[in-house]
Amino acid sequence: KICFVSMPFSTTETCREEEWTEIFENLVKPAVERSGLRYECRRATATLGNIIREIVIDLYQSDVVIADLTDKSPNVFYELGVRHALKNRTILIAQDRKHIPFDLQGYANHVYAWKTSPKKEEFKRKISELLRYIESNPDKPDNPVAEFLPEAHSVPRQKQSWDPIEKQAEMKDEDSKLGTEYAGFWNILNR
């Protein structure tokens, strides 16, 4: 199972770039992977080419997404919006409640501190608790799109081994039947 983490990479008001790496490597990742639920925790990596393609695929294929809303990073909010449009199973975290928009405070979230051992342990317990809750309530709406427009989650759930390249080949074969909308979409993804 995959848990994808959407979080800032570069320096923000609250944390330097190195601190974001520390938060992921020494706090979020261990909390997820040691939850006893067999998750592999990862986040986007800086690569050459179109990073957003990989992020969108990760957002779709991941069993759970954790979004760190600290400092209201536009990239994190974009990724959160994509995930909300695709499916449930998202956890919101932030270092201060003011970073979680009022509209989203009613959904699974946790405000965390990370600079002391007791706070790190509290965070790990909370993440484990939230993951267990999601595991026991996999279809419970956890975002406004799923709650208010459940039919909008129109992307069919595929088996976890869904391969976007295979899907692209299938779509190309069906282009003559389905029209040009899908072809344009896949061309944009492959740029």
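Mentor: Here are some questions and answers about this model. It is a predicted model, in which local features need pLDDT of at least 70 and side-chain atom pairs count only at pLDDT 80 or more, while totals for chains, interfaces and linings use all residues. Residues are numbered from 1 along each chain as its sequence is written, and side-chain values use heavy atoms, with hydrogens and water left out.

Trainee: How many helices and strands does the protein have, and what makes a stretch count as one?

Mentor: There are seven helices and five strands. Helices are DSSP runs of H or I with at least four residues, strands are runs of E with at least two, and both are numbered from the N terminus. Along the sequence, the order is β-α-β-α-β-α-β-β-α-α-α-α.

Trainee: Why is cysteine 3 called buried?

Mentor: Buried means under 20% relative accessible area (exposed is over 50%, partly exposed in between, with a 1.4 Å probe and protein chains only). Cysteine 3 has 0% relative accessibility, so it counts as buried. Cysteine 15, at 1%, is therefore buried too. Across the protein, buried residues make up 42% of the 191 residues.

Trainee: What makes the pair of tyrosine 112 and phenylalanine 123 stacked, tilted or edge-to-face?

Mentor: The structure holds one aromatic pair. Its ring centres are 5.1 Å apart and its planes meet at 55 degrees, so the pair is tilted. The rule is that rings of Phe, Tyr and Trp (its six-membered ring) pair if their centres lie within 6.5 Å; planes under 30 degrees apart are stacked, over 60 edge-to-face, and the rest tilted. Tyrosine 112 is in the loop between β5 (109-111) and α4 (117-136), and phenylalanine 123 is in helix α4, so the pair ties together parts 11 residues apart in sequence. Tyrosine 112 is buried at 3% relative accessibility, and phenylalanine 123 is buried at 1%.

Trainee: Why is the charged end of lysine 1 said to sit over the ring of tyrosine 39?

Mentor: The term requires NZ of Lys or CZ of Arg to be within 6 Å of the ring centre and within 35 degrees of the ring normal. The charged end of lysine 1 sits over the tyrosine 39 ring, 4.6 Å from its centre. Lysine 87 likewise has its charged end over the ring of tyrosine 60, 5.0 Å from the centre.

Trainee: What is leucine 37 in contact with?

Mentor: Contact means heavy atoms within 4.5 Å. Leaving aside neighbours within four places in sequence, leucine 37 is in contact with Lys1, Ser128, Leu131, Arg132 and Glu135. Leucine 37 is in the loop between α1 (17-33) and β2 (40-43).

Trainee: What makes the phi of aspartate 71 worth a mention?

Mentor: Most residues other than glycine have a negative phi. Aspartate 71 is not a glycine, yet its phi is positive, about 65 degrees. Aspartate 71 lies in the loop between β3 (64-68) and α3 (74-86). Arginine 89 also has a positive phi, near 80 degrees, and lies in the loop between α3 and β4 (90-94).
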